[in-house]
Amino acid sequence: MEEFANLPTTPVSDGLDGKNHMDIGIKPLSDDWHMYGRAFTVDAPAGENISVLEGIYNAKPGDVLVVDGKRWTANALAGDFVIGLAKTLGLHGIVIDGVTRDIEDIRELEFPVFTRGTTTAASKKTKEGKVNVPVTVGGVEVNPGDIVVGDVDGVVIVPADQASEVAEKAKARIEKDEKREADYGGSKEKAKEYIENFLRNNKK
């Protein structure tokens, strides 16, 4: 899993043939955050965070908490205190299909949180959900143990049984992109040559 520590989401997505990326509504609260880890999943009733706390308690250091919050935006599923608990217990990040609050204090924690946004309203604590079960977050099916990678471009889920293959494809894509930049970047003539070759080979 450590091979995903420095991989951006875009080549990881390419390694998955453009599949398994969460919808664009789920973004990091700070643009410079990068996140990776195995998914510990939470199926939370809308606006309720009892199961979020249960998930934080049971997740292992290095895990990423992935919460199906039902896209609920009227109540925050976590604030800075709850996020701080996750950081203290060694998690690598949290993805919430819902919203948080205390955004400035969360940013100061320097702990990756990906969410649909923020609200002022606190969570409810009247219903329990489930933890460590398959969930759907941001339109993507997430199973416990899947690899989660997130950065400013979004969140990608790598099925656990494809992790090694996807990581190798992502690294190969980075090398290919770096070679292309070295061959064609920074020169008007080379830029035109690249476009001409591309159109020649792809235009019908």
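Reader: What are the ground rules?
Author: Residues are numbered from 1 along each chain as its sequence is written, and side-chain values use heavy atoms, with hydrogens and water left out. The model is predicted: local features need pLDDT of at least 70, side-chain atom pairs count only at pLDDT 80 or more, and totals for chains, interfaces and linings use all residues.

Reader: Which residues does UniProt list for "binding site"?
Author: UniProt positions follow the numbering used here, feature names are shortened, and annotations may be inferred rather than shown by experiment. The unreviewed entry lists Gly 79, Asp 80, Phe 81, Val 82 and Arg 101. They span 23 residues in sequence, yet no two of their C-alpha atoms are more than 10.3 Å apart, so they gather at one spot.

Reader: Is Val 82 buried or exposed?
Author: Buried means under 20% relative accessible area, exposed over 50%, partly exposed in between (1.4 Å probe, protein chains only). Val 82 has 10% relative accessibility, so Val 82 counts as buried. Asp 80, at 27%, counts as partly exposed.

Reader: What does Asp 80 contact, leaving aside neighbours within four places in sequence?
Author: Contact means heavy atoms within 4.5 Å. On that basis, Asp 80 meets Arg 101, Asp 102, Asp 105, Ile 106 and Leu 109. With residues up to four places away in sequence not counted, Val 82 touches Asn 49, Val 52, Leu 53 and Ile 56.

Reader: Where does Asp 80 lie?
Author: Helices are DSSP runs (H or I, at least four residues), numbered from the N terminus. Asp 80 lies in helix α3, residues 80-88. Val 82 is also in α3.

How values were computed:
Helices (H or I, at least four residues) and strands (E, at least two) are DSSP runs, numbered from the N terminus.
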